[in-house]
Structure formats: C-alpha cells, structure tokens
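Let's walk through this model together, one side chain at a time. Have the structure open and follow along.

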Amino acid sequence: MKKNGFVAEFREFIMRGNVLDLAVGVIIGGAFQVIVKSLVDDILMPVISLLTGGIDFNNWFIALGSGDYATSAEANAAGVATLNYGTFIGAVINFLIMAFVIFLLVKSINSISNKLKKEEAPVEEKPTTKTCPYCKSEIDISATRCPHCTSELKDSE
C-alpha cells in the first residue's frame with residue numbers, strides 16, 4: 001500500500017538531512033545562547049555598569065500610566081504597564097556579543113582548517129597544441145605539417 005498523503009509528505013520532509021541538521025543547530029544554538037547570556041549578564045554588564053557609574057540598563061523604562069516608580073518591578077506590582085527599553089538595549093548588546101563570539105569562532109575554525117589543508121602544487125599539464133612558426137596558427141602538438149599553411153614542421157618546432 002503506497003502512502004502519498006499529507007502525513008507521508010510530512011514524514012519525508014522531516015527525515016531530510018537538512019531539516020535534522022537545522023534541528024541540531026537550533027538546539028546547540030540554544031545551549032550556546034545560555035553561555036553567552038551568562039557572559040553578558042554576569043561578566044560584561046557589571047563591568048559596563050561600573051564604567052558607566054552604576055547604570056543598570058534593566059531599570060531603564062517608561063511607565064505607561066500615572067505615578068513615579070523607581071523600578072519596573074514596582075510599576076508592574078502597581079499594575080502599571082511599562083515600556084522596558086533598557087531590557088531591549090541589553091538584548092541588543094547580548095545579540096551583538098553573541099554575533100561577535102560566533103564570528104570569532106567561525107574565523108578561528110576557518111583559520112585552523114586552512115592551516116590543516118595541505119597546499120597541493122598545481123600539476124602542470126602537458127601542452128596539447130603548438131604554434132606554427134610560419135603562419136602562427138595553433139596546431140596539434142603531434143602535427144608534422146601545418147593544416148593551415150601546409151608547411152613541413154621539424155620535430156623541434
């Protein structure tokens with residue numbers, strides 16, 4: 001019994017190699033994101049905060065209601081919606097750092113790969129044609145007479 005329905009097509013789509021590779025890439029990317037997020041949150045952001053005089057991007061927000069709140073958590077506890085642009089800035093910084101780390105990783109892998117490749121000397125191919133010394137036409141290397149001007153060719157020509 002031949003299956004050619006929607007389920008069979010879906011199964012064929014899922015079993016393609018590139019879909020499985022993509023799934024593995026997404027899973028590894030998720031794990032890598034945790035590492036980069038820790039790098040940003042636990043190492044870089046405290047240093048940036050120290051350099052900027054204790055600025056915490058996560059507390060940059062605009063309350064979309066009445067009242068004055070010191071943190072977005074206070075505004076949220078009071079039931080006021082907030083526009084958390086500091087969190088967005090942190091996410092952009094997180095993305096840029098992740099992109100930079102991936103760039104460095106790919107660059108180093110390419111560098112190592114290029115060093116491991118053995119540069120093969122190009123093989124010189126023997127010529128298959130020569131030039132007739134009389135009419136300057138291109139002729140076969142084994143020709144003893146030029147097909148264009150009919151001149152007799154010596155072996156050294």
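Which backbone oxygen does the side chain of Lys130 reach at 3.2 Å? That oxygen belongs to Ala143. The side chain of Lys130 also has a polar atom 3.4 Å from the backbone oxygen of Ile141. Lys130 is found in strand 3 (residues 129-131); strands are DSSP runs of E with at least two residues, helices are runs of H or I with at least four, and both are numbered from the N terminus. Lys130 has a relative accessible area of 14%, so it counts as buried (under 20%; exposed is over 50%, partly exposed in between, with a 1.4 Å probe and protein chains only).

A word on the ground rules: this is a predicted model, where local features need pLDDT of at least 70, side-chain atom pairs count only at pLDDT 80 or more, and totals for chains, interfaces and linings use all residues. Residues are numbered from 1 along each chain as its sequence is written, and side-chain values use heavy atoms, leaving out hydrogens and water.

Now for the rings. The whole structure holds two aromatic pairs (ring centres within 6.5 Å, using the six-membered ring of Trp; planes under 30 degrees apart are stacked, over 60 edge-to-face, the rest tilted). One of them joins Trp60 and Tyr85, tilted at 45 degrees with 6.2 Å centre to centre. Trp60 sits in the loop between helix 2 (17-51) and strand 1 (62-63), and Tyr85 in helix 4 (residues 85-116), so the pair ties together parts 25 residues apart in sequence. Trp60 is partly exposed at 29% relative accessibility, and Tyr85 is partly exposed at 37%.

Finally, look at Met15, in the loop between helix 1 and helix 2. Met15 is exposed, with 56% relative accessibility.

Conventions:
Polar contact = N/O pair within 3.5 Å; in protein donor to acceptor, adjacent residues only side chain to side chain.
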